[in-house]
Amino acid sequence: MRTLVIVESPAKAKTIKKQLPRGYQVEATMGHVIDLPKSRLGIDVEHDFKPDYITIRGKGKLLAQLKKDAKKSDRVLLATDPDREGEAISWHVANTLGIDPASPCRIEFHEITKRAINDAIDHVRSVDMDLVNAQQTRRLLDRIVGYSISPFLWKKVRRGLSAGRVQSVVTRIIVDREKEIESFVPEEYWNLNLDVSKAGDDRAFLATFYSEGGKTKKIPNAKEADRLEGIVKAHPDMTVLKVQKRKNQQRPPLPFTTSTLQQRAYQELGFTSRKTMSIAQRLYESGRVTYIRTDSTRLAPEAIDEAKDYILENFGEKYLGNQHRKAKKNKNVQDAHEAIRPASLYATPDSLKTQLEVDDYKLYRLIWQRMAASQMAPAVYAVTNADIACGDLIFKVKGDTMQFDGFTKVMPRAARKENPLPVLEQGDAIHLEKIHKDQKFTNPPARYNEASLIKLLEERGIGRPSTYAPTIATIKSRNYVEVEDKRFKPTDLGITVTNMMEDYFPDIVDPQFTAKMETELDNVANGSEDWVHVMEGFYGPFKHELEHAQEHASKIEIKEEVTDVICDKCGAHMVVKEGRYGKFLACPNYPKCKNTKPYFEKTGGICPKCGGDLVKRKSKKGRTFYGCSNYPSCDFVTWDKPVADKCPKCGNTMFQKGLGKRKRIYCLQCEGELGKKQ
């Protein structure tokens, strides 16, 4: 019996072929084969939103070959990815090959292993039309929004702009955060901390001001800080007033979902969401991990059983966690697929290190550690909380000491930082060693980085985890946002477009409206709502908004930035333009003068090799680096950002490596003598 198995990617086809016996032929569609036409809307909005599907350019030859292969086969199994997109591809392929979608022709598996594939073949089903309709509805909604608002923006702002049902909301969220930052008014406050020691013990530990006269209070200004400092100096010998000792468990994290994988890969490895999904797709297609598009932390029973065996064999019974721990559930979780995990825990990262690319290995190790840890026992800490009396003032002390490493055995970086204290008992004498009095100001809300933005989108139900990476890539490529110190900052263009969208298309940029649409798409997927009804509910109000905008919106002129660079052809001051590949300099006398030059943003830094200006540049992959403006005569480049402060020793430009706690300021000329953490 000859069986044709059709999947989406050649890599996946190659892996599956190794798991099947003779008689099976595996071919790939290379993604979608049927779609809406690019040159027009392709939707009959007057007749139940009927789509006008066509064969994607370049896929005709592939489909013709699949038809030949299908005719030679006794049966055809559609094994595209187990999600809405995969279901839609199977539906289009079935229709093209003359296969009845209602017949048993669809197989679904969540990991590319021999067991999973054979189990899927034993449970052939029909194409799930609810999933197909959900994908189709999303596609039609996105097409209507994009093909209607984008021309409007070309006319009212400038050509080349775009709008999207999800991308416009994400841009607004970033713009709104910037407005919060700009309107933020910092408030002064002071910290008062003490270095203290127990009588008879030289080890100093930290005590933090908490209350006065039994009332907790903040320190609002220098005058109050000085008054409290005076009380401390008048009572250098203090007493332990109260001690509380307890055991505290640090529970292991749950296995990865698509969203949490993207967040953790960014935080720990510095991977963008797009890079994470690209690597995860390779790991899935090569059979290393289970399906990577999921919002569930649930695990298959066989995976839990295998984890139990692995933990008992390698760490012992005391490291075994609660095997019946409940998966995380919230209203947005569909639970269609289990969590992202290794196909087998016995395939340890070390055993695969030589078989994987460096970044693939790093992500696989992250997934493996998370899965193993999720099935292990909590880490246990001895926690001491103490109140220290200083006159009428109370200072708080807290110490943590690990007593059992538990799941941190496989995730050492997840362990809490220990803060050991001497043994403290009520009535112990405490001596003052040093006073730390620091002026502080409240900070504005931070701009979003990829991890915090993805977390917010998931919490609000905006888009789906599989759409986060392409959405972020789109708003960056449209120049609606830029990345500054690894955080998203809206451009003037992004603010202008968002303001116009808020004025004329308030629903499209309303996070709650977008989340409601996602819920309706989920209802279509589970068969509880009709897709045409969803389309009708959206299109009526949207059409009204579009007609109103086209009639009443005024054209917006975005002023171009004039530079001090002189056009060497006509003598005019060149202006900054936005092109497909970013900013460039152009002559304002276009089309009479068509002179252009590369645009380099000065940093204020001086090249340590030749004394030229250090300018901001972009790599081919869009990553920011810094180089000398005299290139190619000077080849100095660095990934590290030049900073405003000059080296106090030699007066040259200093550079910043890393951010936050990892930030390091150093001077090249002084060979790192200033390279201590600031």
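Me: Is Asn 479 buried or exposed?

Reply: The model is a predicted one. In it, Asn 479 has a relative accessible area of 15% and is therefore buried, since the cut-off for that class is under 20%. The residue lies in the loop between helix H14 (465-477) and strand S15 (481-484).

Me: Which value of phi does Phe 49 have, and where is Phe 49 found?

Reply: Phe 49 is not a glycine, yet its phi is positive, at about 55°. The loop between strand S4 (43-44) and strand S5 (50-51) holds this residue. With a relative accessible area of 4%, Phe 49 is buried.

Me: Which residues of H8 and H12 meet?

Reply: From H8 come Thr 260, Leu 261, Arg 264, Ala 265, Glu 268 and Leu 269, and from H12 come Lys 362, Leu 363, Leu 366, Ile 367 and Arg 370. Sorted by class, the contact of H8 with H12 has 6 nonpolar, 1 polar and 4 charged residues.

Me: At what angle do H8 and helix H13 pack?

Reply: H8 and helix H13 (residues 450-460) pack at about 165°, and their axes are 8 Å apart. Angles over 145 degrees count as roughly antiparallel, and H8 and H13 are therefore roughly antiparallel to each other. H8 passes H13 in a left-handed crossing. On the H8 side, the contact is made by Ser 259, Gln 262, Gln 263, Tyr 266 and Gln 267; on the H13 side, by Glu 450, Ala 451, Ile 454, Lys 455 and Glu 458. The classes in this contact of H8 with H13 are 3 nonpolar, 4 polar and 3 charged residues.

Me: Which residues touch the most other members of the largest nonpolar core?

Reply: The general idea is that nonpolar side chains tend to be buried together in soluble globular proteins. In this model, the largest nonpolar core has 61 residues, of which Val 7, Ile 16, Phe 109, Leu 283, Leu 363 and Ile 367 touch the most other members. H12 gives the most to this core, with 9 residues. A second, separate core of 54 residues includes Ile 144, Ile 475, Met 517 and Leu 521.

Me: With which residues is Leu 363 in contact, leaving aside its neighbours within four places in sequence?

Reply: The contacts of Leu 363, with those neighbours left aside, are Leu 261, Ala 265, Leu 269, Phe 271, Thr 276, Ile 279, Ala 280 and Leu 283. Leu 363 is also one of the H12 residues that meet H8.

Me: Which residues does a cis peptide bond join?

Reply: Pro 591 is placed in the loop between strand S19 (582-586) and strand S20 (596-598). Another cis peptide bond joins Tyr 631 and Pro 632, where omega is about 15°. Pro 632 belongs to the loop between strand S23 (624-628) and strand S24 (637-638).

Me: Does Lys 569 count as buried or exposed?

Reply: Lys 569 counts as exposed, at 64% relative accessibility. Its place is in the loop between strand S17 (562-566) and strand S18 (573-579). Not counting residues up to four places away in sequence, Lys 569 touches Cys 593 and Asn 595. Lys 569 and Val 524 are 45 residues apart along the chain, and their C-alpha atoms are separated by 61 Å.

Me: How many helices and strands are in the chain, and how many of its residues count as buried?

Reply: The chain has 17 helices and 27 strands. Of its 678 residues, 47% count as buried. The C-alpha trace spans about 95 × 80 × 55 Å along its principal axes. Among contacts between residues at least 6 apart in sequence, 64% join residues at least 24 apart.

Conventions: Residues are numbered from 1 along each chain as its sequence is written. This is a predicted model: local features need pLDDT of at least 70, side-chain atom pairs count only at pLDDT 80 or more; totals for chains, interfaces and linings use all residues. Side-chain values use heavy atoms; hydrogens and water are left out. Contact means heavy atoms within 4.5 Å. Helices (H or I, at least four residues) and strands (E, at least two) are DSSP runs, numbered from the N terminus. Ala, Val, Leu, Ile, Met, Phe, Trp, Tyr, Cys and Pro count as nonpolar, Asp, Glu, Lys and Arg as charged, and the others, Gly among them, as polar. A nonpolar core is a set of buried Ala, Val, Leu, Ile, Met, Phe, Trp, Tyr and Cys residues joined through side-chain atoms within 4.5 Å. Buried means under 20% relative accessible area, exposed over 50%, partly exposed in between (1.4 Å probe, protein chains only). Axes are lines fitted to C-alpha atoms, for helices over the stretch in contact, and angles run from 0 to 180 degrees between N-to-C directions. Angles under 35 degrees count as roughly parallel, over 145 as roughly antiparallel, 65 to 115 as roughly perpendicular and the rest as oblique. A crossing is left-handed if the near helix is turned anticlockwise from the far one by less than a right angle, and right-handed if clockwise.
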